[in-house]
Amino acid sequence: MKKIMFPSVVGGATALLLAAVMLTGVDGGNVAARAQTATLSVASTAPTAGIVRKVARTIRSQTGKGLVIQDVVIGVNRLTIHYKATGISPIDFSNINADPTLAAQGPTLLRVAVDGRMLRTIEGTTSGETQSSTILGEEVLQWSGGVPHHFSVVVARIMGDRQAAFATDFDLK
Amino acid sequence: MRARCSRLVLRKPRPHSELLARGHAYSVAARPLLLGERRRNVSYLATRIRARRYARLRRFILIATLVLPVLGVGANITPAAATYHPGVYQWHSVYFPDGTYQGADKNQADFYTWSDGTESVSNLYAGISRGPYHPGTFMVYDNAWVLNYDGSTALYVNFYRTDCGLYCVWNQNIWSGWTTVYAQSQYSLMQHVIYWGCCRTASQPVMLLNWP
């Protein structure tokens, strides 16, 4: 029972916070953000809301790492891809910015085109356990609505592991 | 004969007044105390009984404390099966609406899952790694908390980390200890709030609020 306040309900708080940022600058914005805590701390996003379409596409890289694209969730203004990757060697979180490419593009990079059109990433999440090389990932992409058909997914790296590189195409059934 | 025996055995104790009448010249309450003797009235006896009872209890606890660990008893007091999950983490990358990477934050926790459905959480780690874009942006780590699975709060960590600038990395243990999470329904283990603000242009300021 996740409490959903994003983005519409949070919009009011966002506007307040934004106004504070514009008026007072960055430091003042922090203060404003802190002031909004009581309102926003009970909220959480529901990025996976939508119609779930099973994909179950399995790919193996030349280096022996595996990727399973589990499903795609079609929302009103976003598409969410859920995947599982095996054999991943994540970099230390503190070292992300030691690599200029990772600092600029992030530790995980997926490029997704749907029906020939590149989609912008809104947010991405990777989760796992430090003693395991298996991670679960979620990539949230901007979507203008409608029914997507053909997906082209290129994974450049996962959690800084450049050997976790995959490319695949699939159609939603 | 039978009536006589019955009379001998079952005779009631004579009342105090009768004893006095038969020549007992003092009452029990009025008897003078001997040297070193304490008056043993009702409250004194009650105190002695309680003291003796507590002594027995203390002795039992002492013996149990010494003997039970030797026998291995107590291993089954905790829930029968536990699975340790060290370093369960989540990295969360955030992007601007134009698709450029803004930064990442990290949540991490160590916890046990018990066979009775509870979880014992021992550590919380937090991190922020900012990208190089949009100098006017800021990011705040605010208030991690651990939720029970029904959504109620098991632990609230009042931890606030202000903006640390572009390319900055901040990564640390923000809480150590133990708290118990009660499982009732599907819910995430840990949540926190990150505020990402940016004003890309004066005419089109954009604000993102994200939390896993």
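Student: Which strands of chain A make up the open sheet of four strands, and in what order?

Tutor: In this predicted model, the order is β5-β4-β8-β9 of chain A, with antiparallel pairing.

Student: What makes β5 and β9 of chain A edge strands?

Tutor: Each of β5 and β9 (166-171) has a single partner strand, so one side of each is left without a neighbour in the sheet.

Student: What makes the contact between K65(A) and D161(A) a salt bridge?

Tutor: The definition asks for a side-chain nitrogen of Lys or Arg within 4 Å of a carboxyl oxygen of Asp or Glu. For K65(A) and D161(A) the N to O value is 3.1 Å, and the pair therefore qualifies. K65(A) belongs to the loop between β1 and β2 (66-74) of chain A, and D161(A) to the loop between β8 and β9 of that chain, so the pair ties together parts 96 residues apart in sequence.

Student: How many salt bridges does this rule give over all chains?

Tutor: The count comes to two.

Student: What is the strand order in the open sheet of nine strands?

Tutor: The order is β1(A)-β2(A)-β3(A)-β7(A)-β6(A)-β1(B)-β2(B)-β3(B)-β6(B), with antiparallel pairing. Its edge strands are β1 (51-60) of chain A and β6 (169-182) of chain B, each of which pairs on one side only. From one strand to the next, the twist averages 15°.

Student: How do you know that β3 and β7 of chain A pair in this sheet?

Tutor: Against the threshold of at least two bridges, β3 (residues 78-86) and β7 (residues 135-142) of chain A have eight, in the antiparallel sense. Within this pair, Y83(A) stands opposite G137(A).

Student: What makes the phi values of A56(A) and D115(A) worth noting?

Tutor: Most residues other than glycine have a negative phi. A56(A), in strand β1 of chain A, has a positive phi near 55°. D115(A), in the loop between β4 (109-114) and β5 (117-118) of chain A, is likewise not a glycine and has a positive phi of about 50°.

Student: Which residues of chain B form a patch of positive charge on the surface, and why is it called positive?

Tutor: The patch gathers R48(B), R50(B), R52(B), R53(B), R56(B), R58(B) and R59(B). It is called positive because Arg counts as positive. One of these residues, R52(B), is placed in helix α3 (residues 42-71) of chain B.

Notes
Residues numbered from 1 in each chain as written. Chains lettered and ligands numbered in written order. Predicted model: local features only at pLDDT ≥ 70, side-chain atom pairs only at ≥ 80, totals over all residues. Heavy atoms only, no water. Patch = residues over 30% accessible without salt bridge, like charges linked within 9 Å, V, L, I, M, F, W, Y side chains within 5 Å. Areas by Shrake-Rupley, 256 points an atom, 1.4 Å probe, with all protein chains shown as cover. Charge placed at Lys NZ, Arg CZ, Asp CG, Glu CD. Helix = DSSP H or I, 4+ residues; strand = E, 2+ residues; numbered from the N terminus. Axes fitted to C-alpha atoms, helices over the stretch in contact; angles between N-to-C directions.
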